[in-house]
Amino acid sequence: QVQLVESGGGLVQAGGSLRLSCAASKRTFSAYTRGWFRQAPGKEREFVATISRSGGSTYYADSVKGRFTISRNNAKNTVYLQMNSLKPEDTAVYYCAAALSTYYSGTERADEADFGSWGQGTRVTVSS
């Protein structure tokens, strides 16, 4: 399995921006679709965004469309989540993940069951 390490979380005021990074431990990183999920306090983990292995296909949850951008740099084994116009409801622990299968390219309602490797999470807190 690929080991994933997230970074970039923190405390930001509403309307601000953060960029999360997720570094993978293996060069095979480029063969898998990657995703970001988040879990708010007291809630279940939910899909945020996915990006296909080439970066050519991206999907976003409706709640973040137009504000968040997922990208990847396969040469650096890293995926990013640029978060702009942050809202208090974006407060959560953000997790990056790698798909179980190289054939999976992502969907608009990605299921965490399609992902097999997870990072430890990075906390994002948006103050009002």
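Reply: R45 lies over the face of Y95, at 4.9 Å from the ring centre. The charged end of R45 also sits over the ring of W118, 3.8 Å from its centre. The model is predicted, and side-chain atom pairs count only at pLDDT 80 or more.

W118 belongs to one aromatic cluster, together with F37, F47, Y104 and F115. By the pair rule the count comes to five aromatic pairs. One of them joins F37 and F47, which are edge-to-face at 6.0 Å centre to centre, with 65° between the planes. F37 lies in strand β4 and F47 in strand β5, so this pair ties together parts ten residues apart in sequence. With a cut-off of under 20% relative accessible area for buried, F37 counts as buried at 1% and F47 counts as buried at 10%.

F37 also pairs with F115, again edge-to-face, at 5.2 Å centre to centre and 75° between the planes. Because F37 lies in β4 and F115 in strand β10 (residues 115–118), that pair ties together parts 78 residues apart in sequence. Like F37, F115 is buried.

F37 is also in contact with V48, whose other contacts beyond four places in sequence include W36, Y59, Y60, F68, L81 and Y94. V48 is among the residues that touch the most other members of the largest nonpolar core, which has 34 residues; W36, F68, I70, L81, M83 and Y94 are the others named. Elements giving two or more residues to this core include β4 (34–39) and β5 (46–51), while the largest share, six residues, comes from β9.

Key. Residues are numbered from 1 along each chain as its sequence is written. This is a predicted model: local features need pLDDT of at least 70, side-chain atom pairs count only at pLDDT 80 or more; totals for chains, interfaces and linings use all residues. Side-chain values use heavy atoms; hydrogens and water are left out. A nonpolar core is a set of buried Ala, Val, Leu, Ile, Met, Phe, Trp, Tyr and Cys residues joined through side-chain atoms within 4.5 Å. Buried means under 20% relative accessible area, exposed over 50%, partly exposed in between (1.4 Å probe, protein chains only). Helices (H or I, at least four residues) and strands (E, at least two) are DSSP runs, numbered from the N terminus. Contact means heavy atoms within 4.5 Å. Rings of Phe, Tyr and Trp (its six-membered ring) pair if their centres lie within 6.5 Å; planes under 30 degrees apart count as stacked, over 60 as edge-to-face and the rest as tilted. A charge sits over a ring if NZ of Lys or CZ of Arg is within 6 Å of the ring centre and within 35 degrees of the ring normal.
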